[in-house]
Amino acid sequence: MPAFTIRSLDKVYPGAPPVRALSNISFSVEEGEFIVLLGPSGCGKSTLLEILAGLQLPSGGSVLFRNKPIDGPGGELGVVFQDASLYPWRTVAANVGLGLELRGVDKVEARRLVEEQLSLVGLAGFGGKFPHQISGGMKQRAGIARALVGDPDVILMDEPFGAVDYVTRNKLQEDLIRIWQQRRKTIVFVTHDVGEAVFLADRIVLLSPRPGRIAEIVTLDLPRPRQRGDIELLQREARIYEALRALEPAATAIMA
Amino acid sequence: MSVESIETVVDVQTAEKDQGTTLRSLAAKLPWIVIVQILVVAAILLAVQLAVDSGAVKRIYLASPTQILGAFPQLFTRENLLFHLSVTLAEAGVGVTLSAVLGIATGIAMGLFPKVHRFLNPFLIWFMAIPKVTIIPLLTLYLGLGFEHKVFIIFLFCYFLFVFNTIAGIKQVQDNHIKVARALGATQRQIIWKVVLPSATPSIVAAVRIEAATCLLATLFAEIVASKAGVGNLLNKLSGIYDTAGVFALVILVTSIALLIIYLVDLLERRVLLKWKYV
């Protein structure tokens, strides 16, 4: 049974004229799979992720989570946002424990789970700090810990490493792969960074912009752990760049 | 004089060490500023003392520092200052608390429900625009000269800022903060308590800061206009009998209380309400 089944999905924002964000999207996400939604800005990848999270509703077609239609955010999925969106008035530990608190998990148990999660993402000992006291990379780790603490089987990530520096991003990617392999999660990951997509994904769903459609689905059957700079990885990367370029002929003409 | 200045210099330097490197360059200048400040105050006090003692200025207009100090014991013994002070503080305390509770509640209702906002907003603006002083005779007629009269006037002074700052605070809540809570499965009620209200707290605390001083002003204003007791009433009495030293003593006392209140609110903000901002 797939985790997500998406059939002929459309998303239109009403207005004059209405904006078609997604058009005729169909694919499925298998349990335990690492799927990357890749595309230029305006291809609706974040919208698609929010529909999977139940934060937005589709205008047409169907989206099933384990064969049931998604009718709102349920809290059984972990969602990681572009900026960590931590609450500045809560400590890191209280931020990470938010979901447990909302579900009314016993306080002692919640504290134990939060501590465990903080060490898993490399934030042991930082639970008592407030968000403004830690670095951007640490905030992202806290955002990931907040999504993981309830031990969801499925994690949705919206450009989670977009705002951190290159070295930190590489480190976070490696840590994410480690966590994914340890815990056998299903991950749907949105990015516009081809290198990141190739390093992380089992399959890449390549989206074209305005309206967002599936251009191609690329399967990356490369062995793990993957090495950055590996020749095969770079070849795949080059092919995806080519496919991306083909999506926007007008833009390429201007660049050339 | 000189001993005082040296102590101040030492204090400033120790404080400076804790502030870190950014202010260190100022460290050399700051003590001199403090010394000059003290000198200015001392010079004014001395000038007043000499002017009054020599008879150059009549005692009705000005009291010397020693006379003002001398007036304090009398205030406590003859004028029953503690009683008046307790009346004033009780009025101010009840008035500002009532304003805060009702103001924040109104603000929450208006901030969360657009229809409530649309309905109440014109009334609030209208009430807020009334120059308070013009309706005091009416309020005296309806409520008498006592406690209720003062509390109502303080309410008129303080209520609106609580309402509008609460609304402004609620509008400041970030969409992505709400999205996080929704993604984690929060109910509408949980979103209000765990996201919206904490987001509004800095704005509400800003109102508390301002009103802490305003409520004392409003109380004294009301007491001076019409009252049977309170520091404002006492002030009327003393100025009526040309006890200028006593009036100055009361002004100094009231100023000190206002400073103390501001300090306490500051402490409350740093240690409790917005502790996260100060770590």
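Predicted model: local features only at pLDDT ≥ 70, side-chain atom pairs only at ≥ 80, totals over all residues.
Residues count from 1 along each chain as its sequence is written, while chains are lettered from A and ligands numbered from 1 in written order. Local features need pLDDT of at least 70 and side-chain atom pairs 80 or more, whereas totals for chains, interfaces and linings use all residues.

**Stop 1: the sheet.** Select strand 1 (residues 4-13) of chain A; seven bridges join it to strand 2 of chain A, and the two run antiparallel. Strands here are DSSP E runs of at least two residues, helices H or I runs of at least four, numbered from the N terminus; pairing takes at least two DSSP bridges. Zoom in on A:L9, which stands opposite A:I25 in strand 2 of chain A. Now show the whole open sheet of four strands in chain A, with order 2-1-4-5 and antiparallel pairing. Strand 2 (19-29) and strand 5 (68-69) of chain A each have a single partner strand, so one side of each lacks a neighbour in the sheet.

**Stop 2: between the chains.** Chain A brings 16 residues to the contact and chain B 13 (contact means C-beta atoms, placed from the backbone, within 7 Å). Helix 3 (residues 98-102) of chain A gives the most to chain A's side, three residues.

**Stop 3: two helices.** Select residues 147-171 (helix 8) and 188-225 (helix 10) of chain B: they pack at about 160°, axes 8 Å apart. Axes are fitted to C-alpha atoms over the stretch in contact, and angles between N-to-C directions run from 0 to 180 degrees. Helix 8 and helix 10 of chain B are therefore roughly antiparallel (over 145 degrees; under 35 is roughly parallel, 65 to 115 roughly perpendicular, the rest oblique).

Conventions. Contact = placed C-beta atoms within 7 Å.
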